[in-house]
Amino acid sequence: MGSLRWRQFTAILRKDIVMELRTREMLTSMGLYAILTMVVYQIALAEAGEGLDVRLIMPGLVWVAFIFMSMLGLNRSFVHEKDQGCLEALLLSPVDRPVIFFAKFAGNLLFLLVVEALTLPVFAFLFLQGRAGFGGGLWMLALVLLGASIGIAGIGTLLATISVNTTGKDIMLAVLFVPLQYPLLRAAVGATFAGVIGGEGATSSFWTWMGWIAGFDIIMVLAAFGLYEFVIEA
Amino acid sequence: MKRGYLAEVMLALGAVITTAAFLMTFFWAPPSLYPDGRVDFAQKIFYFHVPVAEASFLVFFFTAFYGVRFLMTKRKEYDVKARIATEVTLFFVLLTMATGILWTRVEWNVWWQWEPRLTTYFIMTLLVIGYFVLRNSVEDEERRATYAAVFGILAFIDAPISFFITRVVQSTHPVVFKSGGLEPPMLITFIVGQIGMLMLGYAFYQLRLKEEELKERLEALKVALGG
Amino acid sequence: MTEAAEQPAVEASALERSFGARKALDGVSFAIPEGAFLSVFGPNGAGKTTLLKVLTTLVAPSRGSASVCGLDVVEGAVELRARIGLISHNPLLYPDLTAEENLLFFADMYGVENPRERARELLEAVELDHRRLDTTRTFSRGMLQRLSIARALLHRPEVLFLDEPYSGLDPHAADILDSLIASIRQHHTFVMVSHDLDKGLELCTHALILSKGRVVLFERREDIDEREFRETYRRVVGMGVA
């Protein structure tokens, strides 16, 4: 049975990757959205003048872009399951529901990380050139991205499964998603800030925030995992 | 009918006790003083604000509790109970927000301050509103109940995390129960207010439940007659 | 009459499915032997879809019980899923995967052995071998339906559920579906939900009419007086409208 579960898990994940590579629906829409957000940021900061230290607000800007971008992708991730009733076929097969959760979760996490890894350098290129560089290490940034994306994908997978069955699904996901993600976002911005500014005390503050992120990830992914069966079978 | 009777008694008692707490607040509890000796009149709102805030969280617990019960049994009555608990939560949360805003206005001279408790309650308001928006956008009754239960549970887990994370940042909210903070009359006034508010919460919940149960019975009759 | 002694392939007893006061199924009981073809008729909202969902383990009954292949739909759900298949009016296929990828995906879900050979074998059986590398988005309605039959048969199910399989098919595609069903008829038990009275009666060995979640009529094909049956059906559908 163990190997069947693994076979099912990889089958769902592989299917999502194959379909994504074929249609590029999620990746292009998320990537474009992130780039467009940066154009809007340029406008937003236009009157702030040269004296502005972008690094102070960069963590916030980055996570605003990522949180809305991730909702765009998450919404997509279940649309094709509903398209021709595939979800029903999936549920009819002898697959444990948690396997579906972890496979969809892994796929969403992967796509999120890919787009984040691609857009973050663009952000740095557009806004941080010629200014003070990262104070902390890049590994800090990588760690925050990974930690926060786990929480985003975990809750997001559950909520996207809900919102795909509601009227006005796009706004529905936002209404449920943003308030639930408040603690995670707060910690992600805190940790990113520590990583970007660096200096004395940054490392200890970074680890405090990372502790919050890890705690949130564990609690919320476990909750989503436990509740998923009810949601997907409803 | 016995429970309905109890609800009405609790409503009356709750009303009397909260009124008593209100009077005690202004005529019995000693005024709180600023360090420079001026009277901190705005502090009086504490006797109302905190009981409401605590009641809201207690009622919200029942949203999650009945959510779990519903998922375990799939019985509609638990969905109704969870929904009503959330309605009462919304009422208390909005009251908390309103009193909190009044207080920040008087104390800090701003209408709004992103301070931990207000932020938490702001998030909680959004979660509770989200709960009802979700309910309104699911067609199928059982699916709606399931989604609402799941979201209610998640929201209940999320709210305390929101609360604690905002406290990581230096708090400007008065810490209520620091050692020896309250003189006995203050504490008694506060406790009376808390008891009254919990009774009101219970009464609101039971009365709304009774109403829903009547609706439910009417629905059952309609179905029975239609068949 | 040896059938009666054997364990029924599909059985429901006092099946009830309700939420609050509303009852989608209200005391449904019937049993069919292995190899039977049950046609379920009834107006919209009669509980046909709910019955199908209960029998295919997608929703649990509120009261009563049902079993398929001798397995309870609640307790034996996981085991049961491996032994039943569904052909729906919805193709239940991923439009952005090729025909072969779709079959291989579901083969993985069912843990089918030698998936590639099995997929090829079925693609040949439904005459889609030449299109196996095309995404199903490009397929016609009839081709999709054929592929969805291949998907349903992948894991060699014992009981096949058909949910309005003829709806939306052109006559030619319907003919192909007919012959496909005929070719697998021998080794399978069928439960079909349908609006199409003629088709349903033509195929079935047992017929069942549902109305408002209750069984109005359940008879073996040879016991059915066709005129009377049609009369009952018309009356029930009329009731549904009123």
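This is a predicted model: local features need pLDDT of at least 70, side-chain atom pairs count only at pLDDT 80 or more; totals for chains, interfaces and linings use all residues.
Trainee: What does chain B contribute to its contact with chain C?

Mentor: Chain B gives 8 residues and chain C gives 5 residues. Helices α5 (141-168) and α6 (184-226) of chain B each supply at least two residues of the chain B side, and α6(B) has the largest share, 4 residues. By class, this side of chain B consists of 2 nonpolar, 1 polar and 5 charged residues.

Trainee: How should I read the strands of a sheet?

Mentor: Strands of a sheet pair through backbone hydrogen bonds, and the pairing is either parallel or antiparallel. In chain C, 6 strands form an open sheet in the order β6-β7-β8-β3-β9-β10, with mixed pairing.

Trainee: Which strands of chain C stand at the edges of the sheet?

Mentor: They are β6 and β10 (214-220) of chain C; each has a single partner strand, so one side of each has no neighbour in the sheet. Neighbouring strands are turned by 15° against each other on average, direction ignored.

Trainee: In what sense do β9 and β10 of chain C pair?

Mentor: Strand β9(C), residues 206-211, and β10(C) are antiparallel partners over 6 bridges. One of the residues of β10(C), C:R214, is the bridge partner of C:S211.

Trainee: Which strands does helix α1 of chain C lie across?

Mentor: Helix α1(C), residues 48-55, lies across β3 (37-41), β7 (159-163), β8 (189-193) and β9 of chain C, at about 150° to β8(C). Helix α5(C), residues 141-153, lies across β6 and β7 of chain C and runs at about 170° to β6(C).

Trainee: At what angle do helices α5 and α9 of chain A cross?

Mentor: The axes of α5(A), residues 97-127, and α9(A), residues 202-233, cross at roughly 105° and come within 9 Å. The two helices are therefore roughly perpendicular to each other. From α5(A), the contact involves A:R97, A:P98, A:I100 and A:F101; from α9(A), it involves A:F225, A:Y228, A:E229, A:I232 and A:E233. This contact has 6 nonpolar, no polar and 3 charged residues.

How values were computed:
Residues are numbered from 1 along each chain as its sequence is written. Chains are lettered from A and ligands numbered from 1 in the order in which they are written. Axes are lines fitted to C-alpha atoms, for helices over the stretch in contact, and angles run from 0 to 180 degrees between N-to-C directions. Angles under 35 degrees count as roughly parallel, over 145 as roughly antiparallel, 65 to 115 as roughly perpendicular and the rest as oblique. Two residues are in contact if their C-beta atoms, placed from the backbone, lie within 7 Å. Ala, Val, Leu, Ile, Met, Phe, Trp, Tyr, Cys and Pro count as nonpolar, Asp, Glu, Lys and Arg as charged, and the others, Gly among them, as polar. Two strands pair if DSSP finds at least two bridges between them.
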